[in-house]
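Open the model in your viewer and keep the sequence panel beside it. The stops below say what to select and what is there.

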Amino acid sequence: MDLQYAQHWLNDILNEVSTQFQKVPGSAIFLRYVKSSYQNDPVRSAVELFLVLFAIRYLLSPKYSTQKKSYVTLSDEEIDELVDDWTPEPLVAPQTQFEEAENEKRPIIVGPTGPKSKLSNGRTVTNLASYNFYNLVGNETLKEKAIQVLRTYGVGPCSPPGFYGTQDVHIKTEADIAAHLGAPACIMYAQAFSTISSVIPAFSKRGDIIVADKAVNYAIRKGIQISRSTVRWYEHNDLEDMERVLGKVVREQSKKPLTRRFIVTEGLFENVGDMLDLPKTIELKLKYKFRLILDETWSFGVLGRTGRGITEHQNVDAAEVDMIVGSLAGPLCAGGGFCAGSDEIVEHQRISAAAYTFSAALPAMLATTASEVLSMLESNPEMLTSVRDNIKTMWAQLDPRSDWIYCTSSAENPIMILALKLEVVLGRKLSMADQEQLLQEVVDETLANGVMITRVKSMPRAINATSKDVGWELQPALKVCITSGLSRKEIERAGITIRHAVTKIMTRKR
């Protein structure tokens, strides 16, 4: 009896609730929606019910303060004790004894850098340690032009190009570079180093494939690291090994989702000095369907009849290279860098290349200097001929005549990389550190005799880096930079001085 009474009571309540609910405006529409929704998609009705219950619970939940302290309060004595016990990790590795000794003896140039440079100790030496290949540092025409632009535009735009940093001189220089290379378009960066290290991650992302030469320069390595792409290395300047790696990548990716694939290499290799076989590289990139990013930092302004780079030197159409990256700060004695390619490639970088988007634009006087130097190279190719004659003169004094060193650079490269011969290294069982020590002594001996050269130097290893992290190691070598600002006899004397210094150090009893 009690159960029947309870059922009647419950039915009466439900009927009363239903009657009252139907008096609410819009209740009929809501009921039709629920019935049709449940019949057509009951899962949706369940999800909506869950969301309604969650909203009700959220609104009815107790309030809490976001200012509530959830950490342990320490006294001043405890804080001081923790600070005293804390030892910060060093940002860089400490200097070695060799590095300290090298820094103490490092020469300091006073005044302008030219073929003959004055040091802080009062001596004037022959400078074969700077990239002043065409002696443009002392060119009065360029100086006057730069002063005029400085007075018109000021020191710098103080803004990224995408805001108000772009000036008419930047647009002109980009057009001049594109026309000089024979490329459809060009984009200009404010820093040479940041150009290639921004171009690579602008196009290659996580999951994409990069096939790169083991000897690529530090800027390329940083760009590859920033991109977080999958990297496959091939032996330095070994195109057979490159083809092997390309074929392996294609086979591995055949059953995987399509990814972007790039070959990254240099025209003239900064660390070794030799030259890329560009026609064969283009043949391989077309065969295996890769894009080519070519770093011409040291070949642009150096190779070719008018300094257009390796494309002109090896008779390759610049349009066949997807991206040509170069520097305006080395051979051109200006500043910044550039990337030339199709219109789509250039415009993509204007919104996605970090160094372009977030860095102040190149100073107008440096952009104008780059344009002027390109005009000089086109109208006066004898500038390049003069440097090449001096390169041959220096080669004649060093490579064939020395029993201790040989040149790894290409014959057209004004940066001569001089490494110890393999038989010398093996015969004396010289470690990397031993070679660096000997070559630094050669640099010091050469400077004592009035000729300033330098060594090839790489970035120091990261703290706690393992052998796997290091990868390809730079071979210790001397670096001799040829300039047209010296006569043939002066180059000959400098070459003899370098050769005699090498012989003296290598034959000295220890």
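Select Arg-228, the residue that follows H10: its phi is positive, near 60°. This is a predicted model, in which local features need pLDDT of at least 70 and side-chain atom pairs count only at pLDDT 80 or more, while totals for chains, interfaces and linings use all residues. Residues are numbered from 1 along each chain as its sequence is written, and side-chain values use heavy atoms, with hydrogens and water left out.

**Helix H10**

Helices (H or I, at least four residues) and strands (E, at least two) are DSSP runs, numbered from the N terminus. At the start of H10, the backbone nitrogen of Ala-219 has a side-chain oxygen of Asn-217 within 3.2 Å. A polar contact is a pair of N or O atoms within 3.5 Å; within protein, one must be able to donate a hydrogen and the other to accept it, and residues adjacent in sequence count only if both atoms are side-chain atoms.

Buried means under 20% relative accessible area, exposed over 50%, and partly exposed in between (1.4 Å probe, protein chains only).

**Helix H14**

Move to H14, residues 343-352, where Ile-345, Val-346 and Gln-349 are buried. Their arc around the axis is only 95°, so they sit on the same side of H14. Turn to the other side of H14 for Glu-344 and Ile-351, which are exposed. The cover over the buried residues of H14 includes H9, strands S4 (185-189), S9 (323-327) and S10 (337-341), and helix H15 (354-357).

**The sheet with S15**

Next, select the open sheet of four strands in the order S11-S12-S15-S14, with antiparallel pairing. Two strands pair if DSSP finds at least two bridges between them. S11 (405-407) and S14 (454-455) stand at the edges with a single partner strand each, so one side of each has no neighbour in the sheet.

S12 (residues 415-420) and S15 (residues 477-481) are joined by five bridges. Across these strands, Ile-417 has Lys-479 as its bridge partner, and Met-416 has Val-480. Helix H17 (residues 382-398) packs on the sheet and touches S11, S12 and S15. The direction of H17 makes about 10° with that of S12; axes are lines fitted to C-alpha atoms, for helices over the stretch in contact, and angles run from 0 to 180 degrees between N-to-C directions.

On the other flank, two bridges join S14 to S15, and Arg-455 has Leu-478 as its bridge partner. Five of the five residues of S15 are buried. Ala-477, Lys-479 and Cys-481 point one way from S15, and Leu-478 and Val-480 point the other way.

**Val-480 and the cores**

Stay on Val-480 and leave aside its neighbours within four places in sequence: Val-480 is in contact (heavy atoms within 4.5 Å) with Leu-128, Met-394, Pro-414, Ile-415, Met-416, Leu-418, Ile-453 and Ile-498.

A nonpolar core is a set of buried Ala, Val, Leu, Ile, Met, Phe, Trp, Tyr and Cys residues joined through side-chain atoms within 4.5 Å. The largest has 93 residues, and those with the most contacts inside it are Leu-128, Tyr-134, Leu-278, Leu-328, Phe-338, Met-394 and Val-480. Helix H21 (residues 488-507) gives the most to this core, with seven residues. Another core lies apart from it and has 25 residues, including Ile-187, Ala-202, Ile-210 and Met-323.

**The sheet with S3**

Finish at the open sheet S1-S2-S3-S13, four strands with mixed pairing. Its edge strands, S1 (109-110) and S13 (451-452), each pair on one side only. S3 (residues 124-127) and S13 are parallel, over two bridges, and Thr-126 stands opposite Val-451.

Leaving aside neighbours within four places in sequence, Thr-124 is in contact with Lys-116, Ser-117 and Lys-118.

How values were computed. The arc is that of the directions from the helix axis to the C-beta atoms.
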